[in-house]
Amino acid sequence: MMLDRLAPALFVFLWSTGWIVAKYAAAHADPLTFLVVRHGLATAAFLTLCLVVKAKWPKTQGQFGHAIVSGIFLHGLYLSGVWYAIGQGVPAGLSGIIAGLQPLLTAMAAPFLVGERLKPVQKIGLVLGFAGILIAISPQLLDVFDRGLAGLALPVLINLVSMTSVTYGTLYQKRHLQEGDLLTIATLQFVGALIVTVPLALALENLRFDWTHEALFAMGWSVFGISMGAVGLLLYLIRRGQVSRAASLIYLMPPVVAIEAAILFGEPLTLPMIVGTVIVVAGVYMVNRKNA
């Protein structure tokens, strides 16, 4: 199918823009408040689409529950942790390293939770991909350690917890939601995300959102480009193939974001970034090639 061929590349592009959106949105809204509005609008948009196409809803309370629980981990805890940590000063380079742990953890946990085992070449590809990320963002990472991490211990810990959350959510999705309409599942997942983000925003923030053109543009892309486009593709990839293959695409995010930042913000592309990107692409190819 054409979608099978295009889905990985489209997912990488759409998901990577989340970092760009965060850069735009930070000046206009509190991070958790932004996520509350984003999840609420995504829920409404998916619900409208479900009604238009007459999508089938889960038939049992158990299926409803699985969809909501997966949303709590995939969107609620994950995005809340990442956005809050970045808002507290965790550098993007360090956050990228933490995100790069997800494919490795997914591959290690998959045999126990979903009975999925990787071939040797796929295992090598996962390790190679993580090495490529280390090389790609090494200048930023060294700068972080030169400046010290004083005061960032808690935000870094929160970032780590959010990474384990999306890892578990991905495996949970694979184990419990292999059947059912993806549109209704996505709708219920964003309900789960709201269960997490609404109380956190009320407890930790002043609910700042300035409703400028920049904020509205960032919100529109977050809802339709990321929450609907990228998330829909992620659910599709998890259902259609190995969960470790889908997770390995996360390796491509830091290099792609760097390229986007160079185009949009004029940030320089360093030699380590270029070399690391080549290694990352090679690693992801080893994990995802059909005869692997």
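## Aromatic residues

At 54% relative accessibility, W211 counts as exposed; the cut-offs are over 50% relative accessible area for exposed, under 20% for buried, and partly exposed in between, with a 1.4 Å probe and protein chains only. The model is predicted, so local features need pLDDT of at least 70 and side-chain atom pairs count only at pLDDT 80 or more, while totals for chains, interfaces and linings use all residues. Residues are numbered from 1 along each chain as its sequence is written, and side-chain values use heavy atoms, with hydrogens and water left out.

There are nine aromatic pairs in the structure. One of them is W57 with F64, a stacked pair with 6.5 Å from centre to centre and 5° between the planes. Rings of Phe, Tyr and Trp (its six-membered ring) count as a pair if their centres lie within 6.5 Å; planes under 30 degrees apart are called stacked, over 60 edge-to-face, and the rest tilted. Both partners are partly exposed: W57 has a relative accessible area of 33%, and F64 is at 30%. The pair of F209 and W211 is tilted, because the ring centres are 4.4 Å apart and the planes stand at 55°. F209 is buried at 11% relative accessibility, whereas W211 is exposed at 54%. F209 and W211 also belong to one aromatic cluster with F34 and W83.

## Nonpolar cores

In soluble globular proteins, nonpolar side chains tend to be buried together. A nonpolar core is taken here as a set of buried Ala, Val, Leu, Ile, Met, Phe, Trp, Tyr and Cys residues joined through side-chain atoms within 4.5 Å. The largest such core holds 58 residues, and F11, W15, F34, W83, L249 and Y251 have the most contacts inside it. At least two residues of this core come from each of α1, α2, α3 (61-87), α5 (120-136), α8, α9, α11 and α12. Helices are DSSP runs (H or I, at least four residues), numbered from the N terminus. The largest share, 14 residues, is supplied by α9. Apart from this core there is a second, separate one of six residues, V90, I98, L152 and M163 among them.

L249 touches P8, F11, V12, L237, V284 and N288, when residues up to four places away in sequence are not counted. Contact means heavy atoms within 4.5 Å.

S16 sits in helix α1 and is buried, at 0% relative accessibility. Its contacts, leaving aside neighbours within four places in sequence, are M253, V256, V257 and E260. S70, in helix α3, is likewise buried at 0% relative accessibility. With neighbours within four places in sequence again left aside, S70 is in contact with Y172, Q173, L177 and Q189.

Y236 lies in helix α9 and is buried at 14% relative accessibility. Y236 and D4 are 232 residues apart in sequence, yet their C-alpha atoms are 9.0 Å apart in space.

## Salt bridge

The count of salt bridges comes to one, a salt bridge being a side-chain nitrogen of Lys or Arg within 4 Å of a carboxyl oxygen of Asp or Glu. The side chains involved are those of R208 and D30, at 3.4 Å from N to O. This pair links distant parts of the chain, 178 residues apart: R208 is in the loop between α8 (182-204) and α9 (213-240), and D30 is in the loop between α1 (2-25) and α2 (31-53). R208 is partly exposed, with a relative accessible area of 35%, while D30 is buried, at 13%.

## Nonpolar surface patch

A nonpolar patch on the surface consists of Y24, I135, I259, I263, L264, L269, L271, I274, V275 and V278, with about 920 Å² of accessible area together. The elements that contribute two or more residues to the patch are α11 (253-265) and α12 (271-288). The largest share, four residues, is from α12. Patches are made of residues with over 30% relative accessible area and no salt bridge; nonpolar side chains (Val, Leu, Ile, Met, Phe, Trp, Tyr) are joined within 5 Å, and like charges within 9 Å. The areas come from the Shrake-Rupley method with a 1.4 Å probe, and for residues only the protein chains shown count as cover.

I259, one of the patch residues, lies in helix α11. I259 is partly exposed, because its relative accessibility is 39%.
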